[in-house]
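Dear colleague,

Please find below the structure that I am handing over to you, together with its sequence.

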There are 2 protein chains.
Amino acid sequence: MAKAKRTLKWQRDPEGMRLRILEAAKQEFSAHGLAGARVDRIAAKAGANKRMLYYHVGKKDELYLAVLEGAYEKIRNEERGLDLEHLDPPEAIKRLIEFTWNYFLRNPEFLSLLQTENLARAKHLKRSTKVKSMHSPFVEMIRTVVRRGVESGDFQVAVDPVQLYISIAALTFFYLSNSATLSVIFGRDLLAKDAKEERLAHMVGLVLAALTGRSAELFDMVKAPKPRVPQHQPV
Amino acid sequence: MAKAKRTLKWQRDPEGMRLRILEAAKQEFSAHGLAGARVDRIAAKAGANKRMLYYHVGKKDELYLAVLEGAYEKIRNEERGLDLEHLDPPEAIKRLIEFTWNYFLRNPEFLSLLQTENLARAKHLKRSTKVKSMHSPFVEMIRTVVRRGVESGDFQVAVDPVQLYISIAALTFFYLSNSATLSVIFGRDLLAKDAKEERLAHMVGLVLAALTGRSAELFDMVKAPKPRVPQHQPV
DNA sequence: GGAGAAATTAACTCGTTGGATAAATACTGT
DNA sequence: ACAGTATTTATCCAACGAGTTAATTTCTCC
């Protein structure tokens with residue numbers, strides 16, 4: 001056969017393979033946790049042989065850490081584009097909340113990975129040098145917004161930026177990461193479209209009201225579109 | 001031997017055994033998750049034979065569900081003793097936050113169990129009939145507090161009690177359940193004594209400020225050195 | 001067109017683990 | 001003290017799963 005080169009049994013593509021492995025691993029680890037994840041399933045999902053995981057990344061633990069680091073890298077990169085400096089302080093906080101909320105909605109595996117890692121008490125993350133370095137700029141970004149808010153009189157109190165960020169992450173993260181059990185015990189579908197809108201309004205209202213001290217208007221402002229329908233039919 | 005009954009190879013104590021098994025299982029499941037938990041370790045920790053688990057409770061899944069139900073039962077029982085009706089609304093909310101926070105601090109396994117169950121998307125909890133029934137009274141309790149607050153003029157807005165409770169749980173739960181990774185990325189020990197006190201102050205301030213619209217005073221009130229001891233041993 | 005390196009497949013090892021079976025031991029009522 | 005039942009121990013095993021070894025296929029560069 002001169003020109004029609006015989007169909008190959010497999011293609012070579014080290015870079016692509018590595019990416020497919022990491023993507024498959026992300027799915028698997030977020031769906032089943034570290035212990036529950038199956039190396040063979042990852043291989044299958046990546047359209048690869050099990051041996052490839054060890055060849056391109058490493059053993060299960062190392063694979064897991066690589067996935068985790070990649071996840072952090074991704075969110076911090078996107079956060080960098082938030083550009084809160086040019087918004088007036090309440091608007092900046094609102095945008096930060098909305099971004100965080102939407103990011104978690106768009107990347108549910110990130111939530112699962114963090115939960116998994118916390119169940120392991122960050123044992124793996126502690127060994128990572130990469131991750132520690134990329135958070136201070138973000139904190140400074142928030143600190144600046146708060147300072148500006150206090151100076152302009154928009155905010156009543158100079159809250160610690162780390163506390164504020166943890167609170168924003170808490171309100172969004174917890175609702176989504178625990179929506180399964182919460183939905184069961186409260187007898188509501190917390191992931192329904194309406195419920196999510198209501199939640200976003202609640203969170204923005206809560207945080208801005210606390211910072212500015214103008215609860216009523218703020219709650220109403222964001223709450224406007226959806227008057228209510230507080231479902232409430234547990235048992 | 002008539003009186004000095006020869007030392008027995010083992011004592012019979014079905015009730016005690018069952019409790020020891022459940023306790024050991026709680027430890028194991030919260031420490032390693034569902035997939036990571038080892039049946040043999042549970043047996044060992046309970047000072048029992050592996051066969052006992054199957055005899056007294058059931059297979060791994062059933063054991064896990066039993067532990068989970070027990071955990072919910074325990075917290076709801078304690079919450080029942082909160083008695084928020086007799087406090088003025090802001091004080092009632094403050095007590096609710098403090099109780100939740102302290103409960104989570106005292107029962108870290110509860111946090112882990114919930115995380116694990118949410119990673120499984122509440123697959124097991126959905127099969128439980130017991131759990132669903134015990135939450136509406138609690139929601140009503142909060143609803144009443146909010147209504148009273150609005151009527152007395154203390155609160156500026158009639159927030160949905162479920163949203164409010166989820167927010168309180170979020171602020172407390174997330175901080176503790178994710179303290180491992182947060183401590184790493186922010187380079188602070190979030191479980192240090194000072195950090196915990198600061199966090200409690202922040203959360204109470206945030207929520208009360210949002211509800212009452214008097215940020216500054218409230219933040220200062222709770223942020224002060226140590227006005228009083230909010231310890232509050234529930235039940 | 002061939003040698004050596006890189007990438008991929010196939011097959012195997014070996015400890016672990018959930019669950020099962022059968023036998024032994026303690027307790028109860030009579 | 002004896003029979004029957006409840007509780008506990010002692011083994012066993014088949015399946016699984018992580019990681020390894022060795023062979024096979026493709027690529028590159030000369």
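This is a predicted model: local features need pLDDT of at least 70, side-chain atom pairs count only at pLDDT 80 or more; totals for chains, interfaces and linings use all residues.

Relation of the chains

Interface

In the interface, 65 residues of chain B are in contact with 65 residues of chain A. The two chains bury about 5400 Å² between them, and 68% of this area lies on carbon and sulfur atoms. Of the area that chain B buries against chain A, 12% is supplied by B:L119, B:I185 and B:F186, more than by any other three residues.

Helix packing between the chains

In the first, helix α9 (residues 161-177) of chain A packs against helix α8 (residues 161-177) of chain B at an angle of about 110°, with the axes 8 Å apart. The angle makes α9(A) roughly perpendicular to α8(B), and the crossing is right-handed. On the side of α9(A), the contact is made by residues including A:I166, A:A170, A:F173 and A:F174; on the side of α8(B), B:I166, B:A170, B:F173 and B:F174 are among them. By class, the residues of this contact are 14 nonpolar, 2 polar and no charged.

In the second pair, helix α6 (residues 108-119) of chain A and helix α6 (residues 108-119) of chain B pack at an angle of about 145°, their axes 10 Å apart. The crossing of α6(A) and α6(B) is left-handed. A:S112, A:Q115, A:T116, A:N118 and A:L119 of α6(A) make this contact with B:S112, B:Q115, B:T116, B:N118 and B:L119 of α6(B). Here the classes are 2 nonpolar, 8 polar and no charged residues.

Helix packing within chain A

α6(A) also packs against α9(A), at an angle of about 95° and with the axes 10 Å apart. α6(A) is therefore roughly perpendicular to α9(A). A:L111, A:L114 and A:Q115 of α6(A) meet A:F173, A:L176 and A:S177 of α9(A), a contact with 4 nonpolar, 2 polar and no charged residues.

With kind regards

Key
Residues are numbered from 1 along each chain as its sequence is written. Chains are lettered from A and ligands numbered from 1 in the order in which they are written. Side-chain values use heavy atoms; hydrogens and water are left out. Axes are lines fitted to C-alpha atoms, for helices over the stretch in contact, and angles run from 0 to 180 degrees between N-to-C directions. Helices (H or I, at least four residues) and strands (E, at least two) are DSSP runs, numbered from the N terminus. Angles under 35 degrees count as roughly parallel, over 145 as roughly antiparallel, 65 to 115 as roughly perpendicular and the rest as oblique. A crossing is left-handed if the near helix is turned anticlockwise from the far one by less than a right angle, and right-handed if clockwise. Contact means heavy atoms within 4.5 Å. Ala, Val, Leu, Ile, Met, Phe, Trp, Tyr, Cys and Pro count as nonpolar, Asp, Glu, Lys and Arg as charged, and the others, Gly among them, as polar. Buried area is the accessible area (1.4 Å probe) that two parts lose on being put together, summed over both.
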